[in-house]
Amino acid sequence: DFVLGTKIINGRGEVLSFGGEVMKNVAGYDLSRLMVGARGTLGVLLEASLKVLPRPAVERTLAQNASETEALTQFNRWAAQPLPITGACYDGERLFVRLAGAEAAVASAQRRIGGDVVERADFWQRLREHRHGFFASDRLLWRLSLPATTPALDLPGKTFIDWGGAQRWLLSEAPAADIRAAAARVGGHATLFRGRRDDTDTYQPLPSALLAIHRRVKQAMDPKGILNPGQLYRDL
């Protein structure tokens with residue numbers, strides 16, 4: 001959502017520009033967003049214009065003991081309220097929520113939410129860079145993208161809930177088909193984020209109609225298939 005425009009070289013050797021450098025300038029197909037997540041399969045990025053925001057005046061992180069079910073319930077309850085929440089996660093024992101904004105707004109939200117103040121200033125940076133203790137494992141790491149209201153999934157392994165429930169990290173050696181089926185049943189998908197299995201694609205297999213669209217876009221941008229072949233799917 002924060003990518004306003006890009007300039008790329010496609011597989012034909014053409015230099016193309018999409019979007020722009022300010023917010024209200026989108027016309028035609030929004031191909032800049034298509035570059036986000038394409039993993040270099042559609043073009044080589046030359047430039048990217050990003051939307052930036054000022055840092056908040058105050059930022060405070062609160063923590064509470066909770067079960068996984070309690071954490072998900074709280075995240076969704078708070079999401080329905082006008083609270084200055086900019087981050088939320090659950091590590092298996094405690095839920096964490098980040099408040100940011102003006103001092104008065106943060107103080108008011110803190111009184112409503114409660115919990116202990118987390119003194120460690122780099123908590124969210126360590127989480128973003130996977131330096132949290134949860135990620136210090138040699139097990140396969142799955143990234144599950146699910147509706148935020150999805151209850152705890154019945155999957156073997158260890159789970160870390162991020163972004164209020166919509167993103168969940170799973171350390172598990174369970175069969176890929178079982179993990180992806182569980183995610184699909186609730187309208188989500190699973191990506192093998194770290195580790196490798198020869199019989200498992202990194203990304204959730206696509207329905208035939210969606211795969212056909214992917215192939216047509218790839219053909220238009222990189223007809224000879226020279227840009228990161230197999231990065232997303234083996235035959236793409």
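# Exercises: pockets and aromatic rings

The lining of the second largest pocket is made up of eight nonpolar, five polar and six charged residues. Here Ala, Val, Leu, Ile, Met, Phe, Trp, Tyr, Cys and Pro count as nonpolar, Asp, Glu, Lys and Arg as charged, and the others, Gly among them, as polar. The model is predicted, so local features need pLDDT of at least 70 and side-chain atom pairs pLDDT 80 or more, while totals for chains, interfaces and linings use all residues. Residues are numbered from 1 along each chain as its sequence is written, and side-chain values use heavy atoms, with hydrogens and water left out.

**Exercise 1.** Find which residues lie nearest the centre of the second largest pocket.

*Solution.* 
- Start with the term: on a 1 Å grid over the protein atoms alone, a pocket is an open set of points where a 1.4 Å probe fits, with protein on both sides within 12 Å along at least five of seven lines; lining residues have an atom within 4 Å of a point.
- Next, the space: this pocket holds about 570 Å³, a volume being the space filled by probe spheres set on the points.
- Now look at the centre: of 19 lining residues, Arg98, Trp124, Gln125, Arg128 and Trp163 lie nearest to it.
- Finally, helix 4 gives the largest share of the lining, four residues. Helices (H or I, at least four residues) and strands (E, at least two) are DSSP runs, numbered from the N terminus.

**Exercise 2.** Describe where the charged end of arginine 98 sits.

*Solution.* 
- Find tryptophan 124: the charged end of arginine 98 sits over its ring, 4.9 Å from the centre.
- Check the rule: NZ of Lys or CZ of Arg must be within 6 Å of the ring centre and within 35 degrees of the ring normal.

**Exercise 3.** Work out why the pair of phenylalanine 135 and tryptophan 169 is edge-to-face.

*Solution.* 
- Recall the cut-offs: rings of Phe, Tyr and Trp (its six-membered ring) pair if their centres lie within 6.5 Å; planes under 30 degrees apart are stacked, over 60 edge-to-face and the rest tilted.
- Apply them: the centres are 5.7 Å apart and the planes stand at 80°, so the pair is edge-to-face.
- Widen the view: Phe134, Phe135, Phe160, Trp169 and Phe193 form one aromatic cluster.
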